[in-house]
Each structure stands twice: as C-alpha cells, then as structure tokens.
Amino acid sequence: MNIPRSNNPRVVIIGGGFGGIALAQKLRKQEVQVVLLDKNNYHTFQPLLYQVSTGGLEPDSIAYPLRKVLIGYDNFFFRLAEVIEIIPEKKLLQTTIGELFYDYLVVATGSHTNFFGNTELEKHAMAMKSIPQSLNLRSLILENFEQALLTDEYHERDALMNFVIVGGGPTGVELAGALAEIKKGILPKDYPDLDTRRAQINIIQGRDRILDAMSEQASKKAEDFLEELGVQVWKNVRVTGYDGKTVRTQTDLTFETATLIWAAGVKGATIKGLDAKELIAGGNRLSVNEFNQVIGYPEIFAIGDIACMQSEEAPRGHPMMAQPAIQQGRNLGENLVRLINGKPLRPFVYKDKGSMATVGRNKAVCDLKNIRFQGVFAWFVWMFVHLFFLIGFRNRVVVFINWVYNYIRFDREARLIIRPFKRNYDQFRD
Ligand SMILES: Cc1cc2nc3c(=O)[nH]c(=O)nc-3n(C[C@H](O)[C@H](O)[C@H](O)COP(=O)(O)OP(=O)(O)OC[C@H]3O[C@@H](n4cnc5c(N)ncnc54)[C@H](O)[C@@H]3O)c2cc1C
C-alpha cells in the first residue's frame, strides 16, 4: 500500500462513516500514524438517502470526499480499499489492494440491510443503504411511471404505481411521506395523460405502531400525518415474501407491486476473521466492552453500528444511529491516546440527544430529552439538525438552497433517470 513505517504506533480505521470520521478528527494532532480505509472514496450522509431516491436532492450533496476530510492532517493516509479479512494473530489485514499491518485496529464498518435470511426478498426488494442503491430506486420509481403510460392493462398499471415500503421506522416513514408528496405535487403535472390518482403508497409495519422507538405521541402524530397525505399504514403485518410481483404477508393480505422497498432493519457489517460466533451479539454486531474494545482483543476496537455495547442502561446495545457512532468515535480517540501513554481508559457514556423524523413539508415529530413536539416547528428543527451534521460547507449550502427552492416551488428537480435500473416488466403482463 506504500505506507511508510513510522516511529509512532499505527492506528488503522476501517470505514469513513460517522464513527470513523469522528475518530480521525480526534487523532489529528496526536503522535500516531492513522490509516483510513474505505471501499468508497466518500462519506455518505445516510439520513438523507431517501431524498436522493425521491429526486429531492442530487447524490453529490449528501456525499463528501474522504480525502478532503483529512486535508492538512499530518501522518494520515487514506487508501481506497475494501477489507476482506482480519487476521488478529498477525495484526494483519487482507484488503483488495494488498496487506496492511496495524498496531491498533478500529472497525467502523457500519451495517448492511438485513433481510433476515429471506433470499427471495433480498433478490427482488429494493434496499436504500447506499448512494448507488438510492439512485437505483430513483430510476425505478420514474421508470415505473414511464412504463405505466405504455399499458392499457389496469392491473399492470396499478402494480406499476403501487409502492410498498416495509418498515415503519424513520426511514420508511420519511420515504412514504416523500412519495406521497410526489404523487400530490409532481405526478399530475409530469404525467397529465396518466390517472396518477390511482398511485398508492403503502407502509407495512410488523409491530403495533410506526416509529416504535419514539414516544407514543410521536407515533400517533406521524400516523395522522401519513394518513393526511394518503399513505396507507398497515400495522401488525409481517411480510413473508415477494417474487417481484406479489408481496405476501403472514395474513391473507397481499399486494401487487413492481416496487417493494425494504426498510425493515440492518445488521452489523462484520468482516471475515473477526466474526466468530462468540464475538457476535444482537444485530450481528461485535460485542464490545465499555471502552469499545472487542471482547478478547485488547488492540481491536469497534465503534458505531457494528459495535454492540451492552449495559444495564442499554441491555440490547446503543441504537444503530449517527449519534452513538459519533460519540463513540470521539471517546475512542481520547482513549487511544491514553492507552498509548499508559493511562487508564475512560468508559463510554452515551448522551441521548433524542430522535426525530419528518413526514413531509411542515410535518415532523421530535422527541428531545425533556420536550416532545410535532408539526411545523419540529420540521424546522429537523432541517436545522440535518444541515448541521451534514459534512462540508458546500453540501450544507446546496442542500439548504434545494430545500428552499423545493419548498417555494413544490418541486423536486432531480427526478432524472441517469442510470436506468434494469427491471423485468414482463411478469406484470400475464
Ligand atoms: C436510509 C437511512 C436513514 C437513516 N437515518 C438516520 C437518522 O435520521 N438519524 C440517525 O441518527 N441515523 C440514521 N441512520 C443510521 C445512521 O446512518 C447510521 O447509524 C450511521 O451511519 C452509523 O455510522 P457508522 O460510522 O457506524 O457507519 P457508516 O456511516 O455506515 O459507515 C461505514 C463505512 O464503512 C465502510 N465500509 C464498510 N465495510 C467496509 C470494508 N469491509 N472495507 C472498507 N470499508 C468498509 C463503508 O463504505 C462506510 O463508509 C440512517 C440510516 C439509513 C440507511
């Protein structure tokens, strides 16, 4: 990899997500050599992926070059590489561009979409965990309408305009709200020769309320907002399969659709060599102690979505969200310096700042530490928080301008099929 050996210990970080970047920033002025590895050369701001999928934002505005994060950092190296295997006994990584030794290793690989072992769903459903997947979804949504124009067959047309989202967490709710706004504000203008009133947006939730990680008040209000927007919310329904045409559930309920979007869960993105059964806790995550050390490996750490830190306050680990990743990255940055200097480590304490979700224009729900609110103010708070955490000044400006423009014009101009998604439409014709 052409990375020189230095006298300082080498810290290798796998993953330039929220956790990896927060850690790198903390190590900036320390006497360590830092190597950041990522399979992409950019950081993805995942909370806004749904806006890329629905044409509200360009993908570039939610991505940020990882090399730019490290500009001006001494003793920092970035390599575009996917780590294939970790060999802890040799302190060695196997990657797509060669081998690399580490003194300390930090796994910050985030998570993958979890289809819970259902290969049929994995094959036919659309996931939304990365920018390429969001672009696929954007293309598919638009291609469906183009295709709907071409058929005289009612059932086929309805299936093309029927969107089924599985998962009633923030991602599912935000996506459903955005699709409902497209149906109302954009489709009638773009497709005047198509009866777009027949388009349907369904959200399927396995539990008895949507946004079930938030307060009941937030769930109730979000459901009211979705109903106002014409989204059908199905609760206590579990999807059991989808063959690319019909969604099956554990009940008699079925849906004919060309688009099933899977937002029903994620699992830790483990790497071969550090994936033995005894290392794995809930959600396929690496079991870590209060210092983010992987159990049994004092020189290997895991942070963010991939880490499961179980405690009395968090018996199932911390939520797989941006804040735990950022806070763990910062705490570990300080701890690595302490470790190298032979000082005692400080345990991680999660500061829960609350959670929020937006359903659409002027519609959001916020559960902050001491206060809960919904509606227009919550929507402004949601926008402010997302702009604040977005990486890069240019991105913040571009996203802000886009939001103002979309708000004033009721528009989403990025409804472009740049890279067509190859869908087999033949199955809707029988
Ligand atoms: C659609 C969506 C919406 C979300 N909305 C919210 C929200 O509103 N609020 C919130 O708090 N959280 C939200 N989240 C969750 C949040 O994005 C994650 O919790 C957060 O990104 C976790 O940070 P991380 O650093 O652990 O991993 P990530 O940010 O996922 O970063 C992992 C990095 O590791 C790299 N990587 C993975 N494997 C390898 C490998 N083998 N080799 C090299 N590189 C590798 C990846 O390319 C990636 O850059 C959302 C997630 C999704 C998918």
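Student: Let's start with the ligand. Which residues come nearest?

Tutor: Gly-19, Asp-38, Gln-46, Val-83 and Asp-305 come nearest, out of 28 residues around the ligand. Keep in mind that this is a predicted model.

Student: What does the side chain of Gln-46 do there?

Tutor: A polar side-chain atom of Gln-46 sits 2.9 Å from an oxygen atom of the ligand.

Student: And Val-83? Which of its atoms is 2.9 Å from the ligand, backbone or side chain?

Tutor: Backbone. A polar backbone atom of Val-83 is 2.9 Å from a nitrogen atom of the ligand. Lys-39 also uses a polar backbone atom, and there the distance to a ligand nitrogen is 3.2 Å.

Student: How much of the ligand's accessible area does the protein cover?

Tutor: The cover is 89%. On its own, the ligand has 1000 Å² of accessible area.

Student: Which elements give two or more residues to that shell?

Tutor: Two helices do: α1, spanning 18–26, and α10, spanning 322–340.

Student: Switching to pockets. How much space lies in the second largest pocket?

Tutor: About 500 Å³. Its lining has 26 residues. Nearest its centre are Glu-181, Gly-360, Arg-361, Asn-406 and Arg-412.

Student: Which elements build that lining?

Tutor: Those giving two or more residues are α2 (49–53), α7 (170–185), β23 (355–360), α11 (376–389) and α12 (393–409). The largest share comes from α7, with seven residues.

Student: How do the residues of that lining divide by class?

Tutor: There are twelve nonpolar, seven polar and seven charged residues.

Student: You mentioned α11 and α12. What sits in the loop between them?

Tutor: Ile-391 has its place there.

Student: Is Ile-391 buried, partly exposed or exposed?

Tutor: Partly exposed, because its relative accessibility is 22%. Under 20% would count as buried.

Student: Start with the largest cavity. How much space is in there, and what lines it?

Tutor: The largest cavity holds about 120 Å³. It has 15 lining residues, and Thr-54, Ile-141, Leu-142, Ile-182 and Arg-415 lie nearest its centre.

Student: Which elements each supply at least two residues of that lining?

Tutor: Helix α5, at 131–148, and helix α8, at 187–190. The largest share is four residues, and α5 provides it.

Student: How does the lining of the largest cavity split by class?

Tutor: It has eight nonpolar, three polar and four charged residues.

Student: And the second largest cavity? What's its volume?

Tutor: About 50 Å³. Its lining is Ile-141, Phe-145, Phe-163, Leu-179, Ile-182, Lys-183, Leu-187, Ala-199 and Ile-201. The elements that give two or more of these residues are α5 and α7. The largest share, three residues, is from α7.

Student: How many charged residues are in that lining?

Tutor: One. Another eight are nonpolar, and there are no polar residues.

Student: Is Asn-2 buried or exposed?

Tutor: Exposed, because Asn-2 has 73% relative accessibility. Over 50% counts as exposed.

Student: What about Asn-236? What phi does it have?

Tutor: Asn-236 also isn't a glycine, and its phi is positive at about 55°. You'll find Asn-236 in the loop between β13 (232–234) and β14 (239–242).

Student: Why does Asn-236 count as partly exposed?

Tutor: Because its relative accessible area is 45%.

Key: Residues numbered from 1 in each chain as written. Predicted model: local features only at pLDDT ≥ 70, side-chain atom pairs only at ≥ 80, totals over all residues. Heavy atoms only, no water. 1 Å grid on protein atoms, 1.4 Å probe; cavity = no way out; pocket = protein on both sides within 12 Å on 5 of 7 lines; lining within 4 Å. Points joined across faces, edges and corners; volume = space filled by probe spheres on them. Nonpolar A, V, L, I, M, F, W, Y, C, P; charged D, E, K, R; others polar. Near = heavy atom within 4 Å. Polar contact = N/O pair within 3.5 Å; in protein donor to acceptor, adjacent residues only side chain to side chain. Areas by Shrake-Rupley, 256 points an atom, 1.4 Å probe, with all protein chains shown as cover. Buried < 20%, exposed > 50% of the residue type's maximum accessible area, 1.4 Å probe, protein only.
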